Amino acid sequence: MSDASPAQKQNGHGHLRDIVYGAIDGSVTTFAIVAGVAGAGLSPFIILALGFANVLADGFSMAAGNYSGTKAELDDLNRLRRVEAGRIAREPERAREELRQILAGKGLCEDTLGHAVDEIARDPAHMLAMILEGSYGLSSVDPHPMRAALATFGAFLVAGMVPLLPFLLSLPQAFTVATLLTLATFFAIGAYKSRWSLSPWWRSGLETLGIGGVAAGIAYVVGSLFAI
């Protein structure tokens, strides 16, 4: 099954980065709180209170930060579009020469270079998109700030709840269960991420598991120093 249809690829950015980023951060930060509080020997009530506060507050903070960052990216893209569109209108020959250099850098031979420049320059929108991509490395597809924020918050919320479930359900050996579930979540996130990478699923899973495991271990050791 293909990851996305051509229409989907043209209509907007994917949100893989937002989902993976939110999920990993949700798992790490919430389990860090669980591990730190459990290491300090505090009650499950405090674990749940601090954990839920983290999931909601930190998740919203991450979503807001991602929204602001993506909005800034979109604003900069629109600014450069306006600047380059005006330059194409005022200095068409210089814009054509820039387009020619971009296409030459992509490996077009001299025999086809002039024809390619003529064909692309027929449509100012296509010419603008090529210059933005070639000169600034910018995609012609607009990012969606609100979608990016919601993807981050949703992934943070789902993954961040995992370490809290054993305490919420009052399971025996809740911290041990939370540890195993969180490590499994780290591995699952990495394995999911491998669908869009060249790494095999198990290697990507182990890599994410290692990163999350180190963060969780540090939090538990620090919490243990304040055990009561």
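Here are legends for a few close-up views of this predicted model.

Residues are numbered from 1 along each chain as its sequence is written. Local features need pLDDT of at least 70 and side-chain atom pairs pLDDT 80 or more, while totals for chains, interfaces and linings use all residues, and side-chain values use heavy atoms, without hydrogens or water.

**View 1. The largest nonpolar core has 16 residues.** Such a core is a set of buried Ala, Val, Leu, Ile, Met, Phe, Trp, Tyr and Cys residues joined through side-chain atoms within 4.5 Å, where buried means under 20% relative accessible area (1.4 Å probe, protein chains only). Ile88, Leu99, Leu103, Met127 and Ile131 touch the most other members. At least two residues each come from helices H3 (44-90), H4 (92-105), H5 (110-121) and H6 (124-136), and H5 gives the most, with 5. Helices here are DSSP runs (H or I, at least four residues), numbered from the N terminus.

**View 2. H3 packs against H7 (residues 145-161).** Their axes, lines fitted to C-alpha atoms over the stretch in contact, are compared by N-to-C direction on a scale from 0 to 180 degrees. The angle is about 155°, with the axes 8 Å apart. H3 and H7 are therefore roughly antiparallel, a label for angles over 145 degrees.

**View 3. Ser170 and Gln173 sit in the loop between H8 and H9.** Most residues other than glycine have a negative phi. Ser170, though, has a positive phi near 55°, and Gln173 has one of about 50°. Ser170 counts as exposed (over 50%) because its relative accessibility is 63%; Gln173, at 62%, is exposed too.

Definitions and conventions: Angles under 35 degrees count as roughly parallel, over 145 as roughly antiparallel, 65 to 115 as roughly perpendicular and the rest as oblique.
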